[in-house]
Amino acid sequence: MTTIENKLQQIRERMAHACGQAGRPAADVQLLAVSKTFGADAVREAVLAGQRSFGENYIQEAVEKIAAVRAMGLAGGQDLQWHCIGPIQSNKTRLVAEHFDWVQTVDRLKIAERLSAQRPEGLAPLQVCIQLNVDGGETKAGVPVEQALDLARAIVALPRLVLRGVMSIPDEAAGFEAQRALHRRATDAFEVLRASGLPGLEHLDTVSMGMTGDLEAAVAAGSTMVRVGSGIFGQREKRITP
Ligand SMILES: *Cc1c(COP(=O)(O)O)cnc(C)c1O
């Protein structure tokens with residue numbers, strides 16, 4: 001087994017164990033492999049080990065990698081899903097709309113409108129999540145949970161977007177219980193959306209939270225998609241600018 005294959009296996013085992021502890025079926029939680037800063041060859045190894053969904057933060061890097069992986073013509077390569085999980089500036093929305101399958105970091109109506117307008121006709125609608133700021137950090141991306149419903153109402157009116165749920169990146173908290181309580185805020189916000197009766201939420205199924213360090217707490221709090229990078233691909237080089 002390659003190292004990536006081994007590590008993927010370990011992460012899947014951690015997820016299954018966390019689901020067992022939480023009394024949830026293992027099929028409830030998807031794994032998004034966060035391949036930022038790693039090359040197409042690393043993605044290839046993960047694809048060969050059965051992984052299909054990948055998360056990327058830096059748009060230009062991702063666009064090049066997506067093309068490189070596609071050019072490899074891998075078995076299973078037609079089924080890959082690419083998720084944008086990084087901050088999006090207005091001048092990057094077209095690239096995102098043209099190259100990704102999902103965008104998890106929608107936190108402003110303006111970005112949502114541009115993504116919808118720029119999504120090419122020949123592609124399926126873009127699957128999006130609202131990024132929540134669950135711990136109130138003022139400089140952090142994400143909408144406060146109280147504003148999620150208003151943003152959802154605006155997103156479902158956009159023709160080329162499908163709202164799938166919420167995502168969050170809480171700060172590290174001291175200990176399992178504290179981390180779980182933070183994650184729980186995103187699940188609560190998701191439940192509010194689901195209970196809202198808003199038309200256009202038929203596909204709402206995603207609570208994206210939990211990373212290498214805290215996936216167990218996220219699964220305990222109701223995550224349906226954990227985003228794991230270093231636990232699969234190894235430590236990243238520090239990056240100064242995004
Ligand atoms: C980098 C990143 C991850 C993965 O973090 P790891 O600690 O390497 O698992 C998950 N989500 C987002 C938004 C990220 O930027």
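1. Gln 104 is found in strand E4, which spans residues 102-106. The structure is a predicted model, and the values below should be read with that in mind. With a relative accessibility of 0%, Gln 104 counts as buried, because the limit for that class is under 20% relative accessible area.

2. Which side chains make polar contacts with the side chain of Gln 104? One is the side chain of His 83, at 3.0 Å, and another is that of Ser 208, joined to Gln 104 by a polar contact of 2.7 Å. The buried side chain of Gln 104 is thus to be viewed together with His 83 and Ser 208.

3. Turning to the ligand, the residues that surround it include Val 34, Lys 36, Asn 57 and Ile 85, and also Ile 169, Met 211 and Thr 212. Arg 227, Val 228, Gly 229, Ser 230 and Arg 236 are likewise among the residues around the ligand.

4. For Thr 212, the distance between an N or O atom of the side chain and an oxygen atom of the ligand is 2.4 Å. On its own the ligand has 390 Å² of accessible area, of which the protein covers 89%. The space that the ligand takes is the largest pocket.

5. The phi of Thr 37 is near 75 degrees, a positive value in a residue that is not glycine. Thr 37 lies in the loop between strand E1 (30-34) and helix H2 (40-48), and with a relative accessible area of 30% Thr 37 is partly exposed.

6. Where does Gly 175 lie? Gly 175 is in the loop that runs between strand E7 (161-168) and helix H7 (176-195), and its relative accessible area of 45% makes Gly 175 partly exposed, because exposed would require over 50%. Gly 175 and Arg 52 are 123 residues apart along the chain, and their C-alpha atoms are separated by 31 Å.

Terms used. Residues are numbered from 1 along each chain as its sequence is written. This is a predicted model: local features need pLDDT of at least 70, side-chain atom pairs count only at pLDDT 80 or more; totals for chains, interfaces and linings use all residues. Side-chain values use heavy atoms; hydrogens and water are left out. A residue is near a molecule or strand if one of its heavy atoms lies within 4 Å of it. A polar contact is a pair of N or O atoms within 3.5 Å; within protein, one must be able to donate a hydrogen and the other to accept it, and residues adjacent in sequence count only if both atoms are side-chain atoms. Accessible areas come from the Shrake-Rupley method with a 1.4 Å probe; for residues, only the protein chains shown count as cover. On a 1 Å grid over the protein atoms alone, a cavity is a set of points where a 1.4 Å probe fits but cannot get out, and a pocket is an open set with protein on both sides within 12 Å along at least five of seven lines; lining residues have an atom within 4 Å of a point. A molecule sits in a cavity or pocket if more than half of its atoms lie within 2 Å of its grid points. Helices (H or I, at least four residues) and strands (E, at least two) are DSSP runs, numbered from the N terminus. Buried means under 20% relative accessible area, exposed over 50%, partly exposed in between (1.4 Å probe, protein chains only).
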